[in-house]
Amino acid sequence: FRANNDRESQRKFLGVTTVYYAAVTLVILIVGVLLITVFPNVFSKGLTSSEIVKAKELLSITIVTSAISIGTSAFSNTLVAYERFTAHKGIMILANIAKMAVLVFLMKAGVKSVGVVTVNLIATAATRLFYICYVFFKLKLYPSFKKIDTSFVKGVFSYSTFVLIQLIAQQLNSMSDQIILGIFAPSAAILIGIYGVGSQIVQYYKTIGSQFNSVLMIEGGADSKTVQNEMVRIGRVIFMVLGMIYCVFAVFGRDFVALWAGKDNIDGYFVALIIMFPWLISTPQGIGNQILWAINRHKTLAIIQICSSVFNIIVTIFLIKWKPLVGSSLGTALALIIGDVVLMDIVLRKEVGIRFGEYYRDLFKGTLPALLITFAFGAAFSLLHLNRYGWVGLIINCVITAAVYAALMAAFFMNSYEKGLLKGLFNKITGKLGRKKA
């Protein structure tokens, strides 16, 4: 509609999606009330009475936060559709910085978990209000509900529903372990806290990788070879960044968790390390997901992902009886590998024509040897035991190991495109420093 400068259809589209997300929000609120009602009975084994009361408060606030976030998604996504990435990501970054600053102050003042989720609620509401105002007053776009064609509504709802199913599957994979631990594991509160530490690290890791795919646009009509080359081009950059982070975390992650969350939560390192691995493989090919959405071939993928989420729940219930933390993490990792890697590859091979033998060969060319050498260096460097110097020692370990990896890639393994990106980044940084000195 933008390409055809069809302003009225743009308004109708915004109207339809606004109604759609409002309906989803209503479902969230209804399900949320049901969850709060049954919560005491479901978690009576793993949580004490006081913990259940606290958890119900946290769940109530989180449900409201989710309702606000989902209910205004039409406006958030409009900014992306209009390529206003600076406004969309900028306000998100500012909100996160402000949220962290407020949380540090509140925690020092003794505010507990309810205060934390309340701050998140306020930050979400403020961010979403900005999106709405931006669409109304900057883009001058208002939702229209007049004379909307029924077939158009069916098309939007059909497309969006399968996207929603994929998002639900992703949330199930990220949240089911903690819920299952709360239901089946004794002393669940402690285990959930440790798992939460590892899960938070995974979330940061996923966010870094998703930023590359979230601003990517694919030109319609591209053949399979062109799409495959684009997947390799973008995928290699993502894999280089995430691979370096994973490698450094594998060597020094225990020290980080001990300093960040305390030695009592050090097992969160194993949770993060296990679940980060499938994301290291699947995130670089996330462009494939965008392609399937663009060509409206994402229905099969949505069904596969929801099935893998169910598989994750079933496997995790059994593995928790073996080792609660490691078992739950392995269940999630296994489900992600099957759903987001193996079956995703099959769908992309069938629907788009991607040759994954060639894709993985090009993806790992140079990057995998560099990671293995860097891991060996990091393991040897850790023998100096700089971790006894706390945060200073950890930063030195991480920076030097990451520098070794960057030097290896730049000297031996980067192609001309990647070297151009690195050179451009270096020139941009040095240019800004030069202007500041002047």
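Colleague: How many cavities of 30 Å³ or more does a search of the whole structure find?

Modeller: The model is a predicted one. The largest cavity in it has a volume of about 40 Å³. With 30 Å³ or more as the limit, the number of cavities found in the whole structure is one.

Colleague: Which elements give two or more residues to the lining of the largest cavity?

Modeller: The lining of the largest cavity consists of Gln170, Asn173, Trp279, Gln305, Ser308, Leu336 and Asp340. By class, these lining residues are two nonpolar, four polar and one charged. The elements that contribute two or more of them are helix 6 (150-184), helix 11 (299-320) and helix 12 (324-351).

Colleague: Are helix 8 and helix 9 roughly parallel or roughly antiparallel to each other?

Modeller: Two packed helices are described by the angle between their axes and the distance between the axes. For helix 8 (residues 224-261) and helix 9 (residues 268-282), the axes lie 10 Å apart and the packing angle is about 175°. Angles over 145 degrees count as roughly antiparallel. Helix 8 and helix 9 are therefore roughly antiparallel.

Colleague: What is the orientation of helix 8 to helix 10?

Modeller: The axes of helix 8 and helix 10 (residues 286-294) come within 9 Å. Val227, Glu230 and Met231 of helix 8 meet Ile287, Gly288 and Ile291 of helix 10, a contact with four nonpolar, one polar and one charged residues. The axes cross at roughly 140°, so the orientation of helix 8 to helix 10 is oblique.

Colleague: Which residues are the closest to the centre of the second largest pocket?

Modeller: The second largest pocket has a volume of about 440 Å³. Its lining takes at least two residues from each of helix 8, helix 15 (391-413) and helix 16 (416-437), and divides into 14 nonpolar, one polar and one charged. Of the 16 lining residues, the closest to the centre are Val237, Val241, Met414, Leu422 and Leu425.

Colleague: What is the radius of gyration of the protein chain?

Modeller: The chain has 16 helices and zero strands. For its 438 residues the globule rule gives 22 Å, and the computed value is close to this, so the chain is as compact as a globular protein of that length. The C-alpha trace spans about 70 × 60 × 55 Å along its principal axes. The radius of gyration is 23 Å.

Conventions: Residues numbered from 1 in each chain as written. Predicted model: local features only at pLDDT ≥ 70, side-chain atom pairs only at ≥ 80, totals over all residues. Heavy atoms only, no water. Axes fitted to C-alpha atoms, helices over the stretch in contact; angles between N-to-C directions. Helix = DSSP H or I, 4+ residues; strand = E, 2+ residues; numbered from the N terminus. Parallel < 35°, antiparallel > 145°, perpendicular 65-115°, else oblique. 1 Å grid on protein atoms, 1.4 Å probe; cavity = no way out; pocket = protein on both sides within 12 Å on 5 of 7 lines; lining within 4 Å. Points joined across faces, edges and corners; volume = space filled by probe spheres on them. Nonpolar A, V, L, I, M, F, W, Y, C, P; charged D, E, K, R; others polar. Rg over C-alpha atoms; globule rule 2.2 N^0.38 Å. Contact = heavy atoms within 4.5 Å.
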